[in-house]
Amino acid sequence: MCARVLVAEDDEKQAEVLRLYLESEGHTVVLAPDGRAALDEARRERPDLLVLDVMMPKVDGLDVCRILRGESDVAVLMLTARATEDDLLLGLDLGADDYLTKPYSPRELMARVRTLLRRTATRSEPPDTALRAGALRLDPVRHEVSVGGRPVETTPGEFQLLETLIRQPGRVFTRRQLLELTRGDDRFVSTRIIDVHVLNLRKKLEPDPQSPVYLRTVFGVGYKLTADDDT
């Protein structure tokens with residue numbers, strides 16, 4: 001898992017040691033020798049991880065953490081020589097994700113880095129909210145439809161109808177049920193609008209609209225949605 005790592009450490013020798021270890025695992029490293037530079041680099045580089053020494057000139061590490069936490073969700077691993085519980089809790093309260101007390105071994109630091117990057121990678125991935133039927137995919141949160149990976153543009157009415165069907169694949173809905181589920185108790189709207197939506201969706205989704213594999217008619221009843229490999 002390669003990442004962009006900003007190391008804010010005023011001890012030049014220690015900073016170079018950290019750079020070597022981080023680069024040996026494939027990370028891209030930027031060094032900042034003081035708190036002001038750390039803020040500037042964090043805003044410019046938008047790193048995945050900030051390794052932050054608490055005792056920094058110009059702006060100390062606690063203030064750097066507090067300021068950045070108000071601007072971004074960058075993962076922060078704090079390095080501190082302050083070993084009291086109150087000092088450590090203060091860093092965590094300000095938004096640090098983890099801390100390491102000096103002196104530390106580089107191997108331990110790299111283990112913490114790997115753990116943090118795994119954690120933040122999982123956190124940064126949005127949950128998959130998509131509904132699927134075969135190659136058909138509908139995401140109600142992002143309001144996206146695709147079939148076989150191909151994006152499909154739908155009207156709001158078409159999207160609402162398709163979402164209703166894909167939430168219960170295989171279930172047969174009457175036109176009146178679909179109308180009530182998508183339009184509410186609107187007695188002034190004809191059930192024919194459902195037929196129009198289905199016709200348009202078939203043109204957009206089906207390989208052959210005349211022989212639909214997704215939006216199927218159940219004669220004398222209504223419609224159902226099936227996966228393309230269903231019988």
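Student: Which residue in E12 is the bridge partner of Thr174?
Tutor: In E12, Thr174 has Gly222 as its bridge partner. Keep in mind that this is a predicted model, where local features need pLDDT of at least 70, side-chain atom pairs count only at pLDDT 80 or more, and totals for chains, interfaces and linings use all residues. Residues are numbered from 1 along each chain as its sequence is written, and side-chain values use heavy atoms, leaving out hydrogens and water.

Student: What makes E10 and E12 a pair?
Tutor: Two strands pair if DSSP finds at least two bridges between them. Strand E10 (residues 173-174) and strand E12 (residues 222-225) have two bridges, in the antiparallel sense. That meets the cut-off, so they pair. Phe173 is bridged to Tyr223 of E12.

Student: Why is a stretch called a strand or a helix here?
Tutor: Both are DSSP runs, numbered from the N terminus: helices are H or I with at least four residues, strands are E with at least two. The protein has eight helices and 12 strands.

Student: How do you know that E11 and E12 pair?
Tutor: Strand E11 (residues 215-218) and E12 share four antiparallel bridges. E11 and E12 form a hairpin with three residues between them, and Gly220 in the turn has a positive phi of about 85 degrees.

Student: Where is Glu206 found?
Tutor: Glu206 sits in the loop between H8 (192-205) and E11.

Student: What is the nearest side chain of opposite charge to Glu206, and how far away is it?
Tutor: It is Arg202, 5.1 Å away. Lys and Arg count as positive, Asp and Glu as negative; His and the chain ends are not counted. A salt bridge needs a side-chain nitrogen of Lys or Arg within 4 Å of a carboxyl oxygen of Asp or Glu. Glu206 is therefore buried yet without a salt bridge.

Student: What does the side chain of Glu206 reach at 2.9 Å?
Tutor: The backbone nitrogen of Leu215. The backbone nitrogen of Tyr214 lies 3.0 Å from a polar atom of the Glu206 side chain. A polar contact is a pair of N or O atoms within 3.5 Å; within protein, one must be able to donate a hydrogen and the other to accept it, and residues adjacent in sequence count only if both atoms are side-chain atoms.

Student: Why is Tyr104 called buried?
Tutor: Buried means under 20% relative accessible area, exposed over 50%, and partly exposed in between (1.4 Å probe, protein chains only). Tyr104 has 13%, so it is buried. Its place is the loop between E5 and helix H5 (106-124).

Student: Which residues is Tyr104 in contact with, leaving aside neighbours within four places in sequence?
Tutor: Gln14, Leu18, Leu79 and Leu109. Contact means heavy atoms within 4.5 Å. The side chains of Tyr104 and Gln14 also make a polar contact at 2.9 Å.

Student: What is the strand order of the open sheet of five strands?
Tutor: The order is E2-E1-E3-E4-E5, with parallel pairing. Strand E2 (28-32) and strand E5 (98-101) are edges, each with a single partner strand, so one side of each has no neighbour in the sheet. The twist averages 20 degrees from one strand to the next. Strand E3 (residues 49-53) and strand E4 (residues 75-80) pair over five bridges.

Student: What makes H6 mostly covered?
Tutor: Eight of the 11 residues of H6 (residues 156-166) are buried. Among them are Glu158, Phe159 and Leu161. Across the 231 residues of the protein, 40% count as buried.

Technical notes: Axes are lines fitted to C-alpha atoms, for helices over the stretch in contact, and angles run from 0 to 180 degrees between N-to-C directions.
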